[in-house]
Structure formats: structure tokens, C-alpha cells
Amino acid sequence: MTTAAIQARNLSKSYRLGSATSFGSTLRETLADATRRWFKQDANPTNGSKKDDTFYALRDVSFDIERGQVVGIIGHNGAGKSTLLKLLARITDPTEGRAEVRGRIASLLEVGTGFHPELSGRENIYLNGAILGMTRDEIRSSLDAIIDFSGIEKFLDTPVKRYSSGMTVRLAFAIAAHLRPEILLVDEVLAVGDVAFQKKCLGKMQDVVHDEGRTVLFVSHNMDSIRALCSQVMVLDHGKSIGCVPVDEGVRAYYHAMAEHEHLPLSQRPRARRCSHAPVFHALRMHTDQGETHVVACGGTLNIDLDLANLGDVTRGECALSIRNEHGQRVVMFQSQYHADLVLTGLSSTILRCTIPNLILAPGTYSIDLVLADQPEIIDTIERAATFEVVFADLFGTGKIPDATQGHVVMPCQWKLAA
């Protein structure tokens, strides 16, 4: 007999783009489809004869998640993450395949999911508890903890339709965390809350997953949260999965996929760019000594190659490359003149390489800004020309290094008893 809390086999969800013949998987979707077909046929009698393309939001996904596992689901926007959670929560049905979920399930997929807008916050707590199969006494025993955690006691008897999105997600998370479902599905809905509440939620989730042994599926773009909470991750790419893998392996695969999907040529980034004449920066490539792209281990070597052109009018060119953290704060800057006394002169084009031999940044996501100056004039500048991920490495042999909340630079030092 299987111990898996969730089993999926060949799970797929498809839609017909602009279809006049698609049918919804719920009564509401079916009625909406019928109405759309009626209007389309009235406006264009030949529309029904056109063959529509099928779009797979999720395709042939199979996995097993054991009881008590905490699995992160990561991938680019549109990869199928939310679709997968909706299938598991039975919000919509799969086009193909099947998913078996064993245990009481609660989901935080969208702000207000599972709430009745006309009922008060207090009434919705009891409603959600009843949906989860809990008795009135069980719900009442958790009521004070839910109210205290949500921080909305003053508005508890106000209809939920009058709540802000932040208040709604506070109450929704408090209910899901304290009513003890066996399986918890969490989308990035927590991003709606303020920073203090997000921190509070992550702390509670750590208690839930480590002390209470619940099965959790957690969708997030925040790799620090994924690392803190999850034992494995599932990477989705255009609706397909590479399966459940260790966190570091999954994060590397995620950033490789992001590099392929989002790394536009620098010439196609006018919004983040300012030029005083013809653009100089044409391409940026990065790699480690091991051949990794857009992922580097803490303390590892990162090579950044810049393709430069239109340098004919530059008499004393200086290039600068700065690294910013995910909050936009500049962490470090590398300048060709300061670090290598290198200036660009008498060239029409070239490839300039910046090698950082010991990138001692804390694990996290970072971006690169580029500047080319012909002093005192700024010739070309690009913000967020590329992003990369720094991942854990056991630099000090202790199995630990500081994370980005403790500082962005991981400096070596020595500790000893001096007395």
C-alpha cells in the first residue's frame, strides 16, 4: 500500500485558443463557453469550421509526494505552477491523466479562495473548517490562535467583501495554518501581504513543516524561501516537469530555463537603457569555470563576457559592472580602470571579459548593471542586463554560511580562544 499523500500520473490540462467548440470542466465554465460560442457564430458564421490550436498549460506530468514532504514548485511565469495546484485542489479537472490526493486539503491559491464574500471573517473561519471536515469544537479550539495570528480582530465580524486584499490573505493564511489540514497548497498569494506579515507566515510555515509533519506544496519565485522550507523542488518548464529533485539541483535547472526564456539580446532592451549615441553593449554572456551559466557557487569564479561595438568615437573608454541584490541595492562594483588600469581606445569593436575569481556573495538572486563611459560622458548604460543566482557552497567546512539577511558578502575570518 502506498504512503504517498499525492500521486499524479500523466497529468495534462489543455485549452483551445479561441475555440468555438471547447467545453468547460465545471458548470460555470460550460455555460460561459456556450455563451461565447453563440456570440462567435452570430458574428462569424464560418468560425466553427476553423481548426483551433491546442495550448497545454500542463502536459504529461507524473510524480509522487510522500506524507510529510515539503515540495517547492518553481518555474517561469506561465510554466504551469498554478494550473497544477488547481488540478490538485479540484478547482478544475485534468484533460488527461489523473491525480490522487489522500488527506484533508487546504489551498491558498488566490486572494479570497474559499471565502464567502457576504459572510463575516468569523463565519468564514467556521465555513472553512467545516469544508475541511472539522467539528465545531475543533474549530473553536483554534479560533483564538487564528484571530491572533491574522491581526484583524477589529474587523472579524465585518463581511469579507469589505476586506482589503491584505486583510483577506492574512485571514486565509491564518485559517490554513491553524486548522491543521493534512495537505497544504500555497501559491505566491503570500506576496500580497506586507513584509512583516510575509516573515511571520514563513516562520509559521517552518513550524508547520518541521514540527507538525504536514505535506506542503509551495509555489514561489523567492529561492531563499524555497531553500528554507523545502526538501525537494519540482521544476516546471512550459507545462512539463523534470520531476522532484533536491533543492540545489532544481534551482540550477530553474535558472538555466530562465536564462533561455528571458535573456534577450541587449539591443532589445530599450526601457532599461540610456545611450548618448549608438549603443555600445551588444551582448552579455556569463559562465563559471565548470561551464554553468547564470548559476555560481558562493566563492566560485564567474566570467562575464561583453560584446562591444560602435567604439570608433570613444577616445578613453572605461567600463563598469555593478551587482545589485534583489532589493535593487548595489552590493559591489568592478571597474576596468580601477581593477586593471584598462581603457578602451583606438577600437571599433571588441570582447571585454571581467573575471571575478572569488565571488563571496551570500546565496541569493543578483542582477548586473553595465556602464560604458568616455570621461566625463556616459556613453551607454543598461540596468538589469542579466541576472544570476549564487548557491550554497561549504566554504568554511562547517556546513553553514550566512544568508543574505545577515549580509551580502561572505568574508573569511578566523575564530579562536585567545585566553
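Reader: Where is A172 found?
Author: A172 sits in helix α5, residues 165-178. Helices (H or I, at least four residues) and strands (E, at least two) are DSSP runs, numbered from the N terminus.

Reader: What should I know about the model and numbering?
Author: This is a predicted model: local features need pLDDT of at least 70, side-chain atom pairs count only at pLDDT 80 or more, and totals for chains, interfaces and linings use all residues. Residues are numbered from 1 along each chain as its sequence is written, and side-chain values use heavy atoms, with hydrogens and water left out.

Reader: Back to A172. Buried or exposed?
Author: Buried, because its relative accessibility is 11%. Buried means under 20% relative accessible area, exposed over 50%, partly exposed in between (1.4 Å probe, protein chains only).

Reader: Which residues does A172 touch?
Author: L108 and F115, leaving out residues up to four places away in sequence. Contact means heavy atoms within 4.5 Å.

Reader: New topic. What order do the strands of the open sheet take?
Author: The order is β2-β1-β4, with antiparallel pairing. Two strands pair if DSSP finds at least two bridges between them.

Reader: Why is one side of β2 and of β4 left without a neighbour in the sheet?
Author: β2 (54-66) and β4 (96-101) stand at the edges, so each has a single partner strand.

Reader: How many bridges join β1 to β4?
Author: 5, and the two strands run antiparallel. β1 covers residues 4-16.

Reader: What stands opposite I6?
Author: V101, in β4.
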